Amino acid sequence: MQPYFLPYIGYFQLMQAVDTFVLYDNIKYTKKGWINRNRFLRNGKDAVFSVPLRSASDSLDIRDRQVAADFDREKLLNQFLGAYRNAPFFTQTFKLIEQVVHHENTNLFGYLCHSIRLTCEYLGIVVDFRTSSNVNIDHALKGQDKVLAMCTALDASTYVNPPGGIGLYSSKAFRERNIELRFIRPQVCEYSQFDHEFVPWLSIVDVMMFNSVDAIRTRILPRFELVQG
């Protein structure tokens, strides 16, 4: 998977479902994707927060992008403060967010990896993280061929992918490599967001602000199913 900044619960459910999680660093940065931005709850509606990046060529890989020198970390923290200061688990969650936002690594991949690892530690998710460029494969491969090579190099018996990959991968191609292809389907798990109508699939920040770690681990993280590819 690409690394994302404080992604939605489904990303962490995917990590919960696997033994090894490969983070792509040598893949093109997607300008209009969710790599350095996500959504949070503000006044009952979803709003976007982001980490600004230094201007660079659109052809660069994620590992070659840098956080903007003028990134105002306090401004971003104040956005979370204004949105969630009255949330039931604000104090402990905000301490985590401060550690994430104030991380000094200006390399985008390093900055995002740090945020993902810290959040996993907070939620008690144990997974073996790998960086794609460190896996011994032909990195000129693309799409399914690259995924298959990665699985083979890591001696994987099962490959789990988000539902968006259903139309991208051939179960036959995986079976020929003795690899089971499965897809994760996160299920909506509603929780109270102040007195507003529930807005699903926001950043993990929203989940942590309104739910204890124990509730996340026992009630929300397990709310997914794995289906055969």
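**Charges over rings**

I started with Arg65, which lies over the face of Tyr29 at 4.8 Å from the ring centre. I took a charge to sit over a ring if NZ of Lys or CZ of Arg is within 6 Å of the ring centre and within 35 degrees of the ring normal. Arg37 does likewise with Trp34, at 4.2 Å from the ring centre.

A note on what I am reading: this is a predicted model, where local features need pLDDT of at least 70, side-chain atom pairs count only at pLDDT 80 or more, and totals for chains, interfaces and linings use all residues. Residues are numbered from 1 along each chain as its sequence is written, and side-chain values use heavy atoms, with hydrogens and water left out.

**Aromatic pairs**

How many aromatic pairs does the structure hold? I found 20. Rings of Phe, Tyr and Trp (its six-membered ring) pair if their centres lie within 6.5 Å; planes under 30 degrees apart count as stacked, over 60 as edge-to-face and the rest as tilted. I picked Phe40 and Tyr84: their ring centres are 6.3 Å apart and their planes are at 50°, so this pair is tilted. The pair links distant parts of the chain, with Phe40 in strand E2 (residues 37-42) and Tyr84 in helix H2 (residues 73-84), 44 residues apart. For the labels, helices (H or I, at least four residues) and strands (E, at least two) are DSSP runs, numbered from the N terminus. Both Phe40 and Tyr84 are buried; buried means under 20% relative accessible area, exposed over 50% and partly exposed in between (1.4 Å probe, protein chains only). I also traced a cluster linked by ring pairs, and its members include Phe5, Phe40, Phe80, Tyr84, Tyr111 and Phe210.

**Helix packing**

Next I looked at H2 and H3, which pack at an angle of about 165° with their axes 10 Å apart. Axes are lines fitted to C-alpha atoms, for helices over the stretch in contact, and angles run from 0 to 180 degrees between N-to-C directions. H2 and H3 are therefore roughly antiparallel (over 145 degrees; under 35 is roughly parallel, 65 to 115 roughly perpendicular, the rest oblique). On the H2 side I listed Arg73, Leu76, Leu77, Phe80, Leu81 and Tyr84, which meet Phe90, Phe94, Ile97, Glu98 and Val101 in H3. Contact here means heavy atoms within 4.5 Å.

What about H3 (residues 90-101) and H4 (residues 108-123)? Their axes come within 9 Å and cross at roughly 155°, so H3 and H4 are roughly antiparallel to each other. H3 passes H4 in a right-handed crossing. Among the residues making the contact are Leu96 and Val100 of H3, and Tyr111 and Leu118 of H4.

**Single residues**

Is Asp25 buried or exposed? Asp25 counts as buried because its relative accessibility is 5%. I located Asp25 in the loop between strand E1 (20-23) and E2. Beyond neighbours within four places in sequence, Asp25 is in contact with Asp61, Ile62, Arg63, Phe109, Thr131, Ser132 and Ser133.

Asn161, in strand E5 (residues 158-161), counts as buried at 8% relative accessibility. With neighbours within four places left aside, I found Asn161 in contact with Tyr169, Arg182, Phe183 and Ile184.

Lys45 sits in strand E3 (residues 45-50) and counts as exposed at 61% relative accessibility. Lys45 and Glu197 are 152 residues apart in sequence and 8.8 Å apart in space, C-alpha to C-alpha.

Terms used
Left-handed = near helix turned anticlockwise from the far one by under 90°.
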